[in-house]
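These entries record what I looked up in one structure.

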Amino acid sequence: MTITRRTILKAAAAAGTSALASPAFIRNAFAEDPIKLGTVFDISGIFDAYGKPIDMAVKLAVKQLNDGGGLLGRQIEHIGYDTQSNMALYTQYAQQLTRQDKVDVVHGGILSASREAIRQTLRRANTLYFYNIQYEGGVCDRNCFVTGVTPAQTTEVQIPYTMEKWGKKVYILAADYNYGQLMARWIQKYFKDGGGETVAVDFFPLDVADFGSTITKIQTAAPDMVYSALVGGAHLSFYRQWAAAGMKSRIPLASTTLGVGSEHLVLTPEEGDGIVVCYNYSPELDTPANKAFTTAWGEMHGAETIPNIHELAVSNYQGIMLWAEAVKLAGSVEQAKVIEALDGGLAYEGPAGMVTIDPKTHHATLDVHLMEMRGQKLNVLQSFGARAPIDTQLVCDLVANPDDNQQYEIKI
């Protein structure tokens with residue numbers, strides 16, 4: 001049977017129910033299709049410590065938007081896929097989201113490799129893409145928006161603080177892949193700019209877990225501090241071995257990565273206390289927006305999970321909410337109209353602070369917070385507002401070159 005507005009009205013009149021009973025039925029029968037939001041993350045597998053809280057943040061954002069009436073009078077349908085930390089599944093699910101599911105936007109990817117596995121598929125399909133993750137910078141693509149911090153946004157304020165506090169000689173440890181290598185160069189740059197000295201830089205594959213010989217080398221070099229851009233579960237062994245060797249009281253530590261995925265919660269206070277970091281988010285931020293966010297998170301996922309909220313989860317929550325604000329402003333989910341709204345200076349105040357898009361790079365201008373680990377918490381020492389993505393601005397100008405489509409290697 002074909003349902004038309006006329007047949008519905010006739011049926012309602014014949015039943016004698018008319019205006020008292022039919023409006024909800026009519027509205028449901030003729031409701032517009034939902035807006036489709038696609039996600040693809042590592043919710044299981046070796047990167048699940050990052051992916052699970054991200055998925056929880058996505059579900060919270062979608063629930064809050066739908067509870068508030070949806071967008072443009074339409075509910076949001078979340079279509080999410082778990083790659084199981086398998087890079088090949090990123091490509092498969094990106095194709096499924098665009099071809100079968102026909103989503104209006106995709107938020108996804110954790111590692112840079114996963115972003116690059118899906119970015120071109122989404123661009124070719126004219127499906128708007130948000131990559132809401134801390135990364136090395138340099139992506140220049142009008143269809144791609146980045147709401148995670150890039151290296152210069154944090155090191156620009158973190159390094160002057162630690163140089164004033166501890167001294168000018170630094171020993172750098174970093175993961176041996178593109179993010180670690182680039183971050184090491186930014187650390188060296190800001191130490192040099194401040195009149196400091198890098199005594200050594202060591203890179204480590206992600207599966208390295210024995211740092212005994214490295215700790216001996218650091219003792220011999222006698223720097224004023226160690227900066228760590230180590231990444232992943234195996235590299236957490238460094239912090240444990242450093243504390244066990246009695247080095248914490250001798251040479252202080254700073255990190256550009258520890259705590260982004262709540263890694264500080266698996267270190268004891270004896271291992272983690274005193275480490276200085278600088279990120280976009282801490283659960284300890286004392287702002288109305290963060291209090292409202294953590295309260296809502298606790299109500300949905302349980303209060304015991306609030307300490308597990310990490311930077312990457314919040315970046316994805318803020319990315320979805322920023323997209324939602326752009327849809328409202330554009331009055332449409334069409335790619336071109338939403339991009340225009342995002343490029344127009346739209347701002348969203350999230351749990352981590354203000355988020356706006358830099359139209360030249362499609363990266364976010366963000367607040368960053370200098371923090372010290374204490375008692376398995378990221379205690380905020382000082383906040384810095386509106387840090388522009390100055391690293392990616394060195395290589396990307398989408399206003400002048402809107403068809404640009406690559407990831408640049410940023411020369412420092």
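How do the residues of the lining of the largest pocket divide into nonpolar, polar and charged? I found 13 nonpolar, six polar and one charged.

**Basis of the entries**

I note that this is a predicted model, in which local features need pLDDT of at least 70 and side-chain atom pairs count only at pLDDT 80 or more, while totals for chains, interfaces and linings use all residues. Residues are numbered from 1 along each chain as its sequence is written, and side-chain values use heavy atoms, with hydrogens and water left out.

**Pocket and cavities**

I looked up the volume of the largest pocket and read about 400 Å³. Of the 20 residues that line this pocket, Ala49, Tyr50, Gly232, Gly233 and Glu263 are the closest to its centre. Helix α3 (residues 48-67) gives the most to the lining, with three residues. For the terms, a 1 Å grid is laid over the protein atoms alone; a pocket is an open set of points with protein on both sides within 12 Å along at least five of seven lines, a cavity is a set where a 1.4 Å probe fits but cannot get out, and lining residues have an atom within 4 Å of a point. Grid points are joined across faces, edges and corners, and a volume is the space filled by probe spheres set on the points. Helices (H or I, at least four residues) and strands (E, at least two) are DSSP runs, numbered from the N terminus.

The largest cavity holds about 320 Å³ of space. Its lining comprises 22 residues, and the closest to the centre are Tyr50, Gln134, Tyr177, Val231 and Val260. By class, this lining has 15 nonpolar, five polar and two charged residues.

**Strands β1 and β2**

I checked the pairing of strand β1 (residues 35-41) with strand β2 (residues 76-82) and found them parallel over seven bridges; two strands pair if DSSP finds at least two bridges between them. Isoleucine 35 stands opposite isoleucine 76 in β2. Together with α3, these strands make a right-handed β-α-β unit. A crossover is right-handed if, with the strands pointing away from the viewer, the path from the first strand over the helix to the second runs clockwise.

The loop between β1 and α3 contains isoleucine 46.

**Strand β9**

I looked at strand β9 (residues 225-229) and found five of its five residues buried. Met225, Tyr227 and Ala229 lie on one side and Val226 and Ser228 on the other. In a regular strand the side chains alternate between the two faces of the sheet. Strand β7 (residues 169-175) runs parallel to β9, joined by five bridges, with tyrosine 171 partnered by valine 226. Strand β10 (residues 253-255) is also parallel to β9, over three bridges, and there tyrosine 227 has alanine 254 as its partner. β9, helix α9 (residues 236-244) and β10 make a right-handed β-α-β unit.

**Salt bridges**

I counted 17 salt bridges in the structure, each a side-chain nitrogen of Lys or Arg within 4 Å of a carboxyl oxygen of Asp or Glu. Lysine 189 and aspartate 193 form one of them, with the closest N and O atoms 2.8 Å apart. Both residues lie in helix α7 (residues 178-193), four residues apart, about one turn of the helix. Lysine 189 is partly exposed at 28% relative accessibility, whereas aspartate 193 is exposed at 51%.

Aspartate 273 and arginine 374 form a salt bridge at 3.9 Å between the closest N and O atoms. Aspartate 273 lies in the loop between α10 (269-272) and β11 (276-279) and arginine 374 in strand β14 (residues 363-374), so the pair ties together parts that are 101 residues apart in sequence. Arginine 374 is partly exposed, at 39% relative accessibility. Finally, I noted one network of salt bridges with shared partners, joining Arg115, Glu116, Arg119, Arg123 and Asp141.

Key: Nonpolar A, V, L, I, M, F, W, Y, C, P; charged D, E, K, R; others polar. Buried < 20%, exposed > 50% of the residue type's maximum accessible area, 1.4 Å probe, protein only.
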